[in-house]
Amino acid sequence: MLVFLLWASLFLSSLQEQNGQDGYTYVAPGVLLSGPQNVSVNYDLKDQRISVTWEDDPSSSRVPDKLIYDVEVLLTVNMTEVHSEAVDVRQALASRKYHWSWTSALPLECTSHSVRLRSRYQNYTSQWSPLLTITGRASSHPQVFPKSSVVQVDSNFTFCCILGPGQRLEYMKYNNILMNTTHIIDQSYAMVVHMQSPSPPSCINVYCNSPLYGTCVYVGYPIIPPDPPGDRNLVCETRDLESVECHWDTGRATNLTKQRMTRYDLNGRACPNRTNCYQTVRVDQGERNWTLTARNPLGTLELRDTADLKKRVRLLAPMEVVASGVNASVQWQWERPQYHILLMVCQVQLNHSGHIDVRNFSGIGLRSVVLHGLAPAQTYTVQVCCGLKQHFWKWGDWSKGSTFKTEEDIPEMLDVWMQIEGNQTMILWKPLTVNQSHGQIKDYEVTWGRQETILHPPQNDFLISDRSTDEGHRVTVTAKNSAGSSLPSIIIIPRLPHRSKSSMKIVGSDGGFNLSWSASPNSSCGYVVDWCPTHKKCRVEWVKVPAGITRARIQSASFEEGVRYTLSIFACTPGAPELWERREGYVKECLPKEPIQRLAAEQHGLDTVLISWTAIPPENQTAFIHGYIIYYLDTSHPSSTRTFNVTTVEPGAKNLTGIPVSSYRFIVKALTSVGEGGDSSPVFLQMNPQTDQLITVMIISLGSAACLLALVTILCYRNWKCVKENLYPKIPKPVWKEEWLTPLESNGRQILYVDPCQPSEIDIVCNREQSGEAVLDNNAGKGALTNTNSDVPALHVYYNQLLTKTTLGHFTFSPHTMATPFSQLSGTVIQNPSYNLEVQASLDMGQSVGYEPDMNSFSCPNPELHNTMSYVPFETDSRGYKFQCHIEDSSPLQE
């Protein structure tokens with residue numbers, strides 16, 4: 001076995017040596033793998049392209065069906081590989097001749113390039129072909145390659161600089177911008193530039209070491225779609241039935257000019273224009289293919305279209321179009337006589353004051369039409385275009401415009417309305433439009449009763465002043481032009497002024513009002529809605545609504561945002577219009593601009609503040625005010641803002657309660673549907689403690705009381721006599737009589753003498769035993785009375801006290817209350833706790849005095865004297881009443 005293996009290896013070794021010697025490789029029985037034969041290399045410096053051609057050995061018996069060739073491109077100087085590629089030649093096995101090309105990024109002038117090939121089948125390869133070299137350039141001064149290149153925008157491009165012997169690279173610049181460079185070999189350097197934007201109409205300069213040594217590059221866009229969009233949509237048709245016209249949509253400009261701009265060919269024939277191409281052909285040849293080829297240095301584009309020109313006829317524009325008359329007759333001519341036999345359809349376009357009306361007509365060789373229904377005295381511009389009715393392809397070109405004017409006619413009726421202010425009525429009418437006047441309006445005729453007034457445009461109103469309020473007026477208005485007068489427009493002015501109607505609030509939308517109202521039973525000819533700013537002098541505008549409709553969209557060019565309008569709805573009746581309903585509103589509400597005025601804050605009590613302000617005047621309101629908001633801020637705590645809502649729309653004084661003592665800042669804003677506005681100027685208030693308030697109240701109260709007391713005092717002083725007579729009557733003066741006293745006794749005492757009286761039902765007894773020892777002498781305490789001849793009034797006082805006590809019941813003499821006026825009567829004591837003027841007066845007058853019995857009588861303190869007085873009822877005599885009394889002396893007076 002070992003011997004067999006040795007002989008087999010020797011045989012294979014000898015076979016391989018033989019294959020190397022004759023250039024063939026045996027890959028299978030009867031199949032030889034030969035290297036490329038007849039290899040040749042060409043290059044194109046303009047496109048920087050290397051082209052290689054070769055073929056198989058024609059003497060080989062069989063070529064494998066999976067044969068591949070390896071191609072390598074090397075830099076000759078250092079044998080550095082710059083490109084390699086495997087070329088599949090299975091599709092060209094029948095010819096055994098092959099071609100390969102490659103575009104070099106590095107300009108071929110920069111250095112020498114070598115090319116070699118070999119064949120490969122599965123894991124077997126042939127030997128490399130001999131190197132074929134493309135020699136680079138050499139120069140005695142700096143040169144930049146490639147020359148005058150065309151480059152696509154947004155691509156990378158390589159330039160190289162070849163220096164002369166012994167020269168050194170200083171810089172390379174692109175568009176005057178210093179660039180980075182790479183040393184290739186020897187005196188050759190390269191730089192890579194990214195083309196971000198297209199070049200100007202000329203080109204972009206690239207130079208090395210000096211502007212004298214360089215080249216120029218053109219940067220533009222390709223014509224191949226879709227990025228950027230290129231030429232597209234080729235369409236071919238015929239206009240005159242003798243030639244073909246093809247046109248297409250051009251793409252973005254390539255920014256390449258002169259020899260580098262795009263060239264077009266139609267079916268191999270050059271086209272002079274860049275947007276369309278004409279060629280003379282026969283139209284009756286049926287469908288044909290049309291190919292448009294576009295070329296420029298960055299690529300080639302082909303567009304194709306298939307068409308039967310008999311079905312793609314686009315007629316030329318009519319010529320010499322003329323029109324005249326009220327019912328205008330329009331005529332035109334055709335440039336091509338072939339059109340006279342074509343069945344065509346034509347469009348006639350009328351342009352009147354910006355309004356366009358298009359009408360269609362058809363016929364064979366159509367050259368005239370009649371237009372009906374044109375407005376009188378109007379200026380029209382007419383244009384005509386036509387197309388084939390059978391196999392319609394496209395409308396032809398429009399003819400030039402022809403202008404004509406129709407004749408005048410009588411005007412339409414005027415739209416008449418009224419505006420009443422007091423006893424004056426303004427009759428108004430809307431100016432007729434061009435379509436309504438049917439000519440030039442010369443004047444207006446207004447008839448009022450037996451009066452007739454002629455007015456000239458542009459006046460469109462008439463004032464009736466000082467009319468009687470108890471008489472209605474019928475007013476007629478007509479318009480007149482050269483053709484005649486319009487039908488009369490009649491309006492009846494009401495006899496009395498309109499009754500005031502309450503207004504409902506509405507809000508507009510989209511620059512107008514959507515209005516609706518209830519149906520009026522008196523409305524026979526519809527309704528009239530007029531409007532005017534609520535708080536401004538104005539001229540009303542109006543719109544008429546047909547019968548049976550109770551809604552309308554109110555629009556006007558005069559509407560302004562933030563202005564309140566009053567809209568009145570009148571019912572149209574056989575007589576005068578009747579005011580039916582009213583509305584008020586804003587087309588668009590705006591935030592109030594006018595500030596709230598006269599804001600004031602005043603403290604009331606400990607924790608109450610009274611806020612008052614003045615409302616925004618109605619004429620300055622730009623929205624409906626739904627209420628007010630009071631903002632107050634404790635200045636010591638800036639983040640403590642609070643609000644108080646006032647829901648009423650009428651401003652006034654509002655109390656804010658529960659406000660602690662501090663310093664506050666107040667602002668009032670108006671609340672509307674669009675937000676808050678009309679901010680007032682801020683008001684500041686320092687709250688005072690309650691003690692200060694109480695002191696103030698007390699001072700005010702005391703002052704008021706003092707003033708009142710002073711007033712009462714002054715009044716009483718001035719009327720003192722009257723007051724004294726009513727409140728304090730005069731008391732008679734008591735009279736003292738000597739006969740009331742007895743002569744002096746031996747002990748020096750004098751006894752009071754009283755007329756004996758009959759005993760009464762009630763006795764007052766003064767017991768000495770009960771009173772105890774009490775002696776009244778001249779040295780008695782306070783209240784003692786000494787009996788001297790000069791002290792007569794004192795005795796009167798004593799009697800007054802005695803009589804007063806008598807009216808109450810029992811009494812006794814007391815040394816603590818009263819003493820005798822004489823020193824001799826020191827032992828007689830009478831207790832007198834009260835002094836009754838009324839009793840005294842009665843006594844002096846000799847009248848009776850009523851009395852009450854004292855059931856709890858008490859004894860005198862003087863034990864030496866015991867007097868008992870008895871009271872009996874009054875008896876009348878001829879002088880009135882007689883007072884009866886009896887005094888008993890139970891014991892003698894002691895010294």
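Start with an open sheet of 3 strands, ordered β3-β4-β7, with antiparallel pairing. Strands here are DSSP E runs of at least two residues, helices are H or I runs of at least four, and both are numbered from the N terminus. Two strands count as paired if DSSP finds at least two bridges between them. The edges are β3 (37–44) and β7 (97–103), each pairing on one side only. From one strand to the next, the twist averages 15 degrees.

Look at β3 and β4 (residues 49–55): 6 bridges join them, and they run antiparallel. One example: Asn 42 has Ser 51, in β4, as its bridge partner. As a reminder, strands of a sheet pair through backbone hydrogen bonds, either parallel or antiparallel.

Some ground rules. This is a predicted model, so local features need pLDDT of at least 70 and side-chain atom pairs count only at pLDDT 80 or more, while totals for chains, interfaces and linings use all residues. Residues are numbered from 1 along each chain as its sequence is written, and side-chain values use heavy atoms, with hydrogens and water left out.

Now the whole chain. The protein chain has 7 helices and 61 strands. Of its 895 residues, 42% count as buried. Buried means under 20% relative accessible area, exposed means over 50%, and partly exposed is in between, with a 1.4 Å probe and protein chains only. The accessible surface comes to about 49900 Å², and 52% of that belongs to carbon and sulfur atoms. Those areas come from the Shrake-Rupley method with a 1.4 Å probe; for residues, only the protein chains shown count as cover.

What about contacts? Take the pairs at least 6 apart in sequence: 65% of those contacts join residues at least 24 apart. A contact is heavy atoms within 4.5 Å.

Next, disulfides. How many disulfides does a search of the whole structure find? The search gives 8. The criterion is a pair of cysteine sulfur atoms within 2.5 Å. I will show three of them.

Cys 161 and Cys 208 come up at 2.1 Å between sulfurs. This pair links distant parts of the chain, from strand β13 (residues 156–162) to strand β18 (residues 204–208), 47 residues apart. The link is left-handed, with -75 degrees about the S-S bond. Cys 161 is buried at 0% relative accessibility, and Cys 208 is buried at 0% too.

Then Cys 236 to Cys 246, S to S 1.9 Å. Cys 236 sits in strand β20 (residues 232–237) and Cys 246 in strand β21 (residues 243–249), 10 residues apart. This link is right-handed, with 110 degrees about the S-S bond. Cys 236 is buried at 0%. Cys 246 is buried, also at 0%.

Third, Cys 346 and Cys 386, sulfurs 1.9 Å apart. Cys 346 is in strand β29 (residues 343–352), Cys 386 is in strand β32, and 40 residues separate them. With 105 degrees about the S-S bond, the link is right-handed.

Cys 385 is buried, with a relative accessible area of 1%. Cys 722 is partly exposed, at 46%.

Last, the backbone. A cis peptide bond joins Phe 145 and Pro 146, with omega about -5 degrees. Pro 146 is in the loop between β11 (143–145) and β12 (149–152). Pro 457 to Pro 458 is cis as well, omega near 10 degrees. Pro 458 lies in the loop between β37 (451–455) and β38 (461–464).

Two non-glycine residues have positive phi: Asn 176 at about 65 degrees, and Ala 377 at about 55 degrees. Asn 176 is in the loop between β14 (172–174) and β15 (177–178). Ala 377 is in the loop between β31 (368–370) and β32 (379–388). Buried or exposed? Asn 176 is exposed at 55%, whereas Ala 377 is buried at 11%.

How values were computed: Axes are lines fitted to C-alpha atoms, for helices over the stretch in contact, and angles run from 0 to 180 degrees between N-to-C directions.
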